[in-house]
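Dear colleague,

I am handing over the structure we spoke about, with an account of what was found in it. Please have it open beside this message while you read.

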Amino acid sequence: MEYSISIVVLIITFSFLLAALVLAFIRLLKGPSINDRIAAMDVIAIVVMGFIVVYSVLIEKEIYLDLAVIISLISFIGTVAVSTYLKHRYG
């Protein structure tokens with residue numbers, strides 16, 4: 001069984017992204033402060049975008065890159081909304 005170098009790189013990339021997702025999810029659950037949890041949610045969104053981009057490269061379809069852009073916009077809006085809420089709540 002012979003793999004091309006690009007397939008090996010994509011598998012390694014998926015592995016690192018999966019490890020980052022697990023670590024960010026642990027931080028989301030165990031974060032001592034709300035700021036840690038907000039940062040973990042941002043990291044999870046970035047890792048999901050990474051999964052989508054790598055998958056798009058793997059199957060050679062560019063249409064999924066639009067989905068990564070949409071997720072980044074929603075993540076940004078969500079982070080701003082939560083930060084604004086916390087700013088008004090805690091002063």
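Ile44 belongs to helix α2, where helices are DSSP runs of H or I of at least four residues, strands are runs of E of at least two, and both are numbered from the N terminus. Not counting residues up to four places away in sequence, Ile44 touches Leu21, Ala24, Phe25 and Leu28, a contact being heavy atoms within 4.5 Å. Between Ile44 and Leu17, which are 27 residues apart in sequence, the C-alpha to C-alpha distance is 9.8 Å.

Before going further, please note that this is a predicted model, in which local features need pLDDT of at least 70 and side-chain atom pairs count only at pLDDT 80 or more, while totals for chains, interfaces and linings use all residues. Residues are numbered from 1 along each chain as its sequence is written, and side-chain values use heavy atoms, with hydrogens and water left out.

The overall picture

The protein has three helices and zero strands, and from the N terminus on its elements run α-α-α. Its radius of gyration is 16 Å, well over the 12 Å that the globule rule gives for 91 residues, so the protein is more spread out than a compact globule; the radius is taken over C-alpha atoms, and the rule is 2.2 Å times the number of residues to the power 0.38. Along the principal axes, the C-alpha trace spans about 60 × 30 × 10 Å. Of the 91 residues, 20% count as buried, and among contacts with a separation of 6 or more, 46% come from residues 24 or more positions apart.

Helix α2 and its surroundings

Helix α2 has 26 residues and reaches 38 Å from its first C-alpha to its last, close to the 38 Å expected at 1.5 Å a residue, where the expected span is 1.5 Å times one less than the number of residues. Its buried residues are Ile38, Ala40, Ile44, Ala45, Val47, Met49, Gly50, Phe51, Ile52, Val54 and Ser56, and they pack against α1 (5-30) and α3. One of them, Ser56, counts as buried at 5% relative accessibility, and, leaving aside its neighbours within four places in sequence, Ser56 is in contact with Lys61, Glu62, Tyr64 and Leu65. Ile46, by contrast, also lies in α2 but counts as exposed at 53% relative accessibility. The C-alpha atoms of Ile46 and Ser4, 42 residues apart along the chain, are separated by 27 Å.

Most residues other than glycine have a negative phi. Glu60 sits in the loop between α2 and α3 and, at 66% relative accessibility, counts as exposed.

How α2 meets α3

Two packed helices are described by the angle between their axes and the distance between the axes. The axes of α2 (residues 34-59) and α3 (residues 63-90) come within 9 Å and cross at roughly 175°, the axes being lines fitted to C-alpha atoms, for helices over the stretch in contact, with angles running from 0 to 180 degrees between N-to-C directions. That makes α2 roughly antiparallel to α3 (angles over 145 degrees count as roughly antiparallel, under 35 as roughly parallel, 65 to 115 as roughly perpendicular and the rest as oblique). The residues of this contact divide into 16 nonpolar, four polar and one charged, with Ala, Val, Leu, Ile, Met, Phe, Trp, Tyr, Cys and Pro counted as nonpolar, Asp, Glu, Lys and Arg as charged, and the others, Gly among them, as polar. On the α2 side they include Asp42, Ala45 and Ile52, and on the α3 side Ala68, Ser75 and Leu86.

Helix α3 itself has 28 residues and reaches 42 Å from its first C-alpha to its last, close to the 40 Å expected at 1.5 Å a residue. The buried residues of α3 are Ala68, Ser75 and Leu86, and what covers them includes α2. Ser75 counts as buried at 18% relative accessibility, and, leaving aside its neighbours within four places in sequence, Ser75 is in contact with Asp42 and Ala45.

Definitions and conventions: Buried < 20%, exposed > 50% of the residue type's maximum accessible area, 1.4 Å probe, protein only.
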